[in-house]
Amino acid sequence: MIYISILIIIYMKVTVYGTKTCIWCVKTREFLKEHKIKFNDIDIEKSKKAEKIMIKISGQEGFPVIDIGGKIVLGYDKDKLRRLLAKK
C-alpha cells in the first residue's frame, strides 16, 4: 500500500478548483495536506479561465472540484478521495 501511495504522489497530478471561503474547499485542502499530497490550488474567483476549465471538466458550477490524474471528484467526498489516493 505504501508503494502505491508513493507512486501516486510522484506521478499523479492533483488539482483543486474552488474558492478560499468555501468550507468544503477548505476541508478538501486540509485533507490533502494532512495526507501530504501535493496539489495545485486554483482559486476560481481569481480566474475566469480556471472557472471555465472547472465547469468543462466537471459539467457543473459547484465546488470544490478535484482532478486527480484525470479522475474528477465533485465536492468534498472523503471516501472517493481516499480511494483514488489509496489512503487509509
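**Notes on helix α3 and its surroundings**

1. In helix α3 (residues 48-58), the buried residues are Ala 50, Met 54 and Ser 58; buried means under 20% relative accessible area, with a 1.4 Å probe and protein chains only. Viewed down the axis of α3, these residues fall within an arc of 55 degrees, so they line one face of the helix. The arc is taken from the directions that run from the helix axis to the C-beta atoms. An α-helix has 3.6 residues a turn, so residues three or four places apart point the same way.

2. Please remember that this is a predicted model, where local features need pLDDT of at least 70, side-chain atom pairs count only at pLDDT 80 or more, and totals for chains, interfaces and linings use all residues. Residues are numbered from 1 along each chain as its sequence is written, and side-chain values use heavy atoms, leaving out hydrogens and water.

3. What lies on the other side of α3? Lys 48, Lys 49, Lys 52 and Lys 56 are exposed there, that is, over 50% relative accessible area.

4. The buried residues of α3 pack against four strands: β1 (14-18), β2 (40-43), β3 (65-68) and β4 (71-74). After α3 comes Gly 59, with a positive phi near 75 degrees.

5. Helices (H or I, at least four residues) and strands (E, at least two) are DSSP runs. Of the 88 residues in the protein chain, 39% are buried.

Key
Contact = heavy atoms within 4.5 Å.
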